[in-house]
Amino acid sequence: MNYHSDSDPHTSEIHLFVSDLSRSINFYEKIIGFEVLYKASDRAVFTTNGETPLLTIEQTNLKRDFPSTGLYHFALLVPERKHLANVLKHLLSTGYPLQGASDHAVSEAIYLGDPDGNGIEIYADRPSKQWNWEGDQVVMTTNALNAEELMKEATSEVFEGLPENTVLGHVHLQVSDLKEAKDFYQNGLGLKIVSQLGHHAVFASYGGYHHHIGLNTWQSANALPSKEGSTGLKWFSLVFTSELERSKCVEQVKKFSNVWQKDDDYYTNDPSGNSIRLSLKK
């Protein structure tokens, strides 16, 4: 089942601030495997299919404060397990340091950071029929990835970039107050809480996915956002499949936060200052 298609709202694009544009362009092209769609003096837009923007990076001179709310990681979902194996083989060949590799039961994942420390997950889902649910809660684990077994899926072809069907699978955020954040994402944006890790992390989704949004206070409890324009998250987008659906969401969100319109999109901030673009499927 495709949880990033026309049937339900889903994550679709992310915009980050970086401290050295040329360095980050090189990283996202050569290490991650994006294709540059557009480049200007202060920003670059990346794609995997030559048409659809997936990531924008923008030059800034402000560094993110820590501790602070903001991006924990953004997650790139590749279509098949063999693609994850090819990415792992490529990353190992570059010598770029990895931060982790995990088996989450619902998916297998590789973790690293960009030159500014923006967290990145690259993952492949297991078929949804293999996910285990306990009532309305999906079972997710954090076990060591069996890299040796995964690498058996790698193909012999030379790595030429991320597969064209790669999408923004989910966004994981650092928030100040978990209860407040849950209320906003559940009752404002209409996501359903599908997993909770103690009192410090929750995962929420549309349409029965294991998660489109992760929220945690592991390093950000009671923290403030960094200064506007600091390295890290500028905004991420949720895309809706109909104007009726988006309008309903906008009205719900207005009960929790300010909403403003720019061109064809609406924007809002969650209670921790993380910015969200509410887009319509084109």
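Tutor: The model is predicted. The second largest pocket holds about 700 Å³ of space. Its lining counts 34 residues. Nearest the centre lie Tyr-72, His-73, Tyr-111, His-172 and Trp-218. Several strands contribute. Strand E5 (70-77), strand E6 (100-103), strand E7 (107-113), strand E8 (119-125) and strand E12 (167-174) each give at least two residues to this lining. By class, the lining has 18 polar, 12 nonpolar and four charged residues.

Tyr-72 sits in strand E5. Its relative accessible area is 30%, so Tyr-72 is partly exposed.

Now the salt bridges. The whole structure has 14. One of them pairs the side chains of Glu-13 and Arg-277, at 2.8 Å from N to O. This pair links distant parts of the chain: Glu-13 is in strand E1 (residues 10-18) and Arg-277 in strand E19 (residues 275-280), 264 residues apart. Glu-13 has 11% relative accessibility, so it counts as buried. Arg-277, at 12%, is therefore buried too.

Glu-149 and Lys-152 form another salt bridge, at 3.3 Å from N to O. Glu-149 is partly exposed at 36%, while Lys-152 is exposed at 59%. Glu-251 and Lys-254 meet at 3.2 Å, N to O, in a salt bridge. Finally, shared partners join Arg-81, Asp-103, Glu-108, Arg-126 and Glu-153 into one salt-bridge network.

Conventions. Residues numbered from 1 in each chain as written. Predicted model: local features only at pLDDT ≥ 70, side-chain atom pairs only at ≥ 80, totals over all residues. Heavy atoms only, no water. 1 Å grid on protein atoms, 1.4 Å probe; cavity = no way out; pocket = protein on both sides within 12 Å on 5 of 7 lines; lining within 4 Å. Points joined across faces, edges and corners; volume = space filled by probe spheres on them. Helix = DSSP H or I, 4+ residues; strand = E, 2+ residues; numbered from the N terminus. Nonpolar A, V, L, I, M, F, W, Y, C, P; charged D, E, K, R; others polar. Buried < 20%, exposed > 50% of the residue type's maximum accessible area, 1.4 Å probe, protein only. Salt bridge = Lys/Arg side-chain N within 4 Å of Asp/Glu carboxyl O.
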